[in-house]
Amino acid sequence: MFFVKVLEHRIHLHPSFFGAQASAYILDQLYRDREGSNTGTMMIVAIIDVDDISEPKIVPGSGYAEYDVSFRAIVWRPFRGEVVDGMVSSVVNNGFFVDVGGLSVFVSKAMIPQQLKYTVEGATPSFTDGVDQTVERGSQVRLRIKGIRGEMGQMFAIGSIREDYLGPLLQ
Amino acid sequence: MAGPTVPQSLSRRRPAPTGDEEATAVLKLGDMTDTPALSVAECKVLLEQLANKGGRGTSNSDVYTKTREYVDMFARFKDPKTVTQVDAISSGLLAKGLTHFERAQLATLCCDSPDEARTLVPSLETKLSDEELQDVLNDISKLRDFS
């Protein structure tokens, strides 16, 4: 789910940058550090604007100036139990991977309804019931996120399509 | 540890997530409770505006590129004016006790029936009557872009 969140970031500025361009340098540093980052629980997609840059405080001992910058950003945070749409990126024999924005969700065979069976046609593996529902690379699927694990810089998730109204979307 | 090495963190430690956040029949959103949420279409419009504004609008990071592709593909409403109309319809729901999360989910998932909406967003169970929910869903589907 996308949110517009006010976040804070602490930036250290080396004394060689103290000057007229200090605020421009701080903004550069902020964008470089935070935009596109993955904190393990959420992804910062884009910074909207900067609310406030605090007065600098010199760090005793090192001479760096410390700024607390408060900014608004579009963040994406998945929740356990949330229903999301995604595109299938690969199919393996015990499930398939779905790309939901920057997150790759794995749907295992246990979380796929019985009717959808793993079949390989030519070189294309897919899960299909032979009639109208097919899940293959490039299909759009609606799934429910069942579990999320986060480490610094990465998120892993598992999902399920074994419920009403979930599964491949009609194109 | 797997993954790219992260430089010694210079920012203050973020509060550890409690780990029990979930969006099932009960919404426990941790520090995202009361944060305005965006549906996929709204996010698409906002990202486009930020990119067009110039300056630092776009970035080359993986997260940004994949998110832009994702919202372009899955936005149910392509036109910014339509998105504003959907926002107006679903904002009426905030006054009826829905949270930001539920409102954004309804605008993103575009359900056809109250049953589908309640199944996909379990926390809606007791918050709206069937007729109210059906009315909102009908209004939203009328604005859908099937191109």
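The predictor gives the complex an ipTM of 0.86. The pTM is 0.83. For chain B, the average pLDDT is 81. In that chain, 86% of the residues score at least 70. Where pLDDT is low, the predicted coordinates should not be read in detail.

The interface was examined next. On the side of chain B, 50 residues are in contact with chain A. On the side of chain A, 49 residues take part. Together the two chains bury about 4,400 Å². Carbon and sulfur atoms account for 63% of this area. Three residues of chain B stand out: B:Met32, B:Arg56 and B:Tyr70. They supply 16% of the area that chain B buries against chain A, more than any other three residues.

Nine residue pairs are in polar contact, both members at pLDDT 80 or more. The side of chain B that touches chain A draws on several elements of chain B. Strand 1 (22-23) and strand 3 (37-38) each supply at least two residues. So do helix 1 (40-52), helix 2 (62-74), helix 4 (100-109) and helix 5 (114-120). Helix 2 of chain B gives the largest share, eight residues. By type, the residues on this side of chain B divide into 27 nonpolar, eleven polar and twelve charged.

Side chains of opposite charge can pair when their charged atoms come close. Between chain B and chain A, the count is three salt bridges. One salt bridge joins the side chains of B:Glu22 and A:Arg80, at 2.7 Å from N to O.

The two chains also pair through strands. Strand 1 of chain A (residues 2-13) runs antiparallel to strand 3 of chain B. Two bridges join these strands. Here A:Phe3 stands opposite B:Ala37, a residue of strand 3 of chain B.

Over all chains, the structure holds 16 salt bridges. One of them lies within chain A, where the side chains of A:Glu66 and A:Arg10 meet at 3.7 Å, N to O. A:Glu66 belongs to strand 4 of chain A (residues 65-76) and A:Arg10 to strand 1 of chain A, so this pair ties together parts that are 56 residues apart in sequence.

Strand 12 of chain A (residues 154-160) pairs with strand 7 and with strand 11 of chain A. Strand 7 (residues 103-108) runs parallel to strand 12, and three bridges join them. In this pairing, A:Val105 stands opposite A:Ala157. Strand 11 (residues 140-151) runs antiparallel to strand 12, with seven bridges between them. There the bridge partner of A:Ile148 is A:Ala157. Strands 11 and 12 of chain A form a hairpin, with two residues between them. In the turn, A:Gly153 has a positive phi of about 95°.

Conventions: Residues numbered from 1 in each chain as written. Chains lettered and ligands numbered in written order. Heavy atoms only, no water. Contact = heavy atoms within 4.5 Å. Buried area = accessible area lost by both parts, 1.4 Å probe. Salt bridge = Lys/Arg side-chain N within 4 Å of Asp/Glu carboxyl O. Polar contact = N/O pair within 3.5 Å; in protein donor to acceptor, adjacent residues only side chain to side chain. Helix = DSSP H or I, 4+ residues; strand = E, 2+ residues; numbered from the N terminus. Nonpolar A, V, L, I, M, F, W, Y, C, P; charged D, E, K, R; others polar. Pairing = 2+ DSSP bridges. pLDDT = per-residue confidence, 0-100.
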